[in-house]
Amino acid sequence: MASTGPVPQPGILDINPYVPGESSVPGGIKPIKLSSNETPLGPSPMALAAYKAAADGLERYPDGSAIALRQAIARKWGLNPDRIVCGCGSDELINLIAHAYVGPGDETVYTTHGFLMYRIATLSSGGKPVVAPEKAYRTDVDAILARVGPKTRIVFLANPNNPTGTYIPHDEVRRLHKGLPSQVLLVIDAAYSEYVRRNDYEAGLELVATTDNTVMTRTFSKIYGLAALRLGWAYCPAAIADVLNRVRGPFNVTAPALAAGVAALSDGAHVETAVAHNEKWLPWVAAELEKLGLTVTPSVGNFILIHFPAAKGKDAAAADELLKSRGIILRRVAAYGLPACLRMTIGTADDNRAVVAALAEFMGRS
Ligand SMILES: Cc1ncc(COP(=O)(O)O)c(C=O)c1O
């Protein structure tokens, strides 16, 4: 018998719920969790102290305008605070942007292995996701532009992208923007930008400052180590900031998150330490895995995409099983169209050594 209950909007039931990185292994042992691109260094001690101090005022609503945090972000990057919108993680901002600019019949474009939230946000808004192929796991600007048409409302670009770790240089981002009609919004998701050390990279600030149809999203979840607090921000043209402020919840960021975010920004040394750690260990892990005969996609983020052989017993699923039996959790990325790969977040020195040792055993090299 057909259901007579409430029916969700078209598109909603096409969404496969986002599956977060796993966090436990059988046997009750404390796992080495390298499945969600979290920093192994944790947050700045200053952010932690500010978070704890915020416990004194939990009966009060937070500052709904997030003014102290917007001013701190503006000071750090030389921005106009009026054009910054804070959110409950950058996920919320991605959703709000789709909610405000995409409706039934509209399209968004992103790349084959682009961050999964773009599909979810598009379908939630009744829109149609359009996927552009990548070249060698890297964004192909021409492929995106070829798929932009009269129904396109948003192009989502993760730069660097998760889960591939690849990026496109600023010139290419500019070329992408130049090819878009003025009514199409370019959303540059720069969640991992703080890790990137490349002269030809720019997070997106310049395009937001100089165009009316570019938004850049950022997060405190990655290098700042505040994933549990859910804190992100978007830098927008004034008209788009105005729209997002109309559709967001009035208190969408909690007071402890606001306080920790301001304090985190004041600890530049902590960020530098995290970058140096990543600069040391990412190339080391990639080189060690390649010595084992595995392929690693060159990454500028704090994670790597590891490609496994197709042979049964040597494939990504088998590797995942062996790693879990050693208490190590990487990320299965079949949902990203990458069933032959695992994504590994760069961990502590011990974590990284443990992964290399376990995969050496897996590949029969130990
Ligand atoms: C590319 C990308 N964008 C956005 C996010 C979401 O970050 P947040 O924790 O700020 O919602 C992630 C988290 O994995 C990500 O990888």
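Guide: Strand S10 (residues 303-307) and strand S13 (residues 341-345) run antiparallel and are joined by five bridges; strands here are DSSP runs of E with at least two residues, helices are runs of H or I with at least four, and both are numbered from the N terminus. Two strands count as paired if DSSP finds at least two bridges between them. Within this pair, Ile304 has Met344 of S13 as its bridge partner. The model is a predicted one, in which local features need pLDDT of at least 70 and side-chain atom pairs pLDDT 80 or more, while totals for chains, interfaces and linings use all residues. Residues are numbered from 1 along each chain as its sequence is written, and side-chain values use heavy atoms, without hydrogens or water.

The pair belongs to an open sheet of four strands with antiparallel pairing, in the order S9-S10-S13-S12. Its edges are strand S9 (295-297) and strand S12 (331-332), each of which pairs on one side only.

Helix H10 lies across S9, S10 and S13, at about 10° to S10. Such angles run from 0 to 180 degrees between N-to-C directions, with axes fitted as lines to C-alpha atoms, for helices over the stretch in contact; contact means heavy atoms within 4.5 Å.

H10 spans residues 268-291 and includes His277. With a relative accessible area of 17%, His277 is buried (buried is under 20%, exposed over 50%, partly exposed in between, with a 1.4 Å probe and protein chains only). Setting aside neighbours within four places in sequence, His277 is in contact with Pro40, Leu41, Ile346, Gly347, Thr348, Ala349 and Asn352. The side chain of His277 also reaches the backbone oxygen of Gly347 at 2.7 Å. This falls under the polar contact criterion, a pair of N or O atoms within 3.5 Å; within protein, one must be able to donate a hydrogen and the other to accept it, and residues adjacent in sequence count only if both atoms are side-chain atoms.

Returning to S13, which covers residues 341-345, one finds that Cys341 is buried, at a relative accessible area of 3%. Cys88, by comparison, is partly exposed at 31%. The sulfur of Cys88 is too far for a bond, because the closest cysteine sulfur, in Cys86, is 12 Å away. A disulfide is taken as a pair of cysteine sulfur atoms within 2.5 Å, and by this rule the count is zero.
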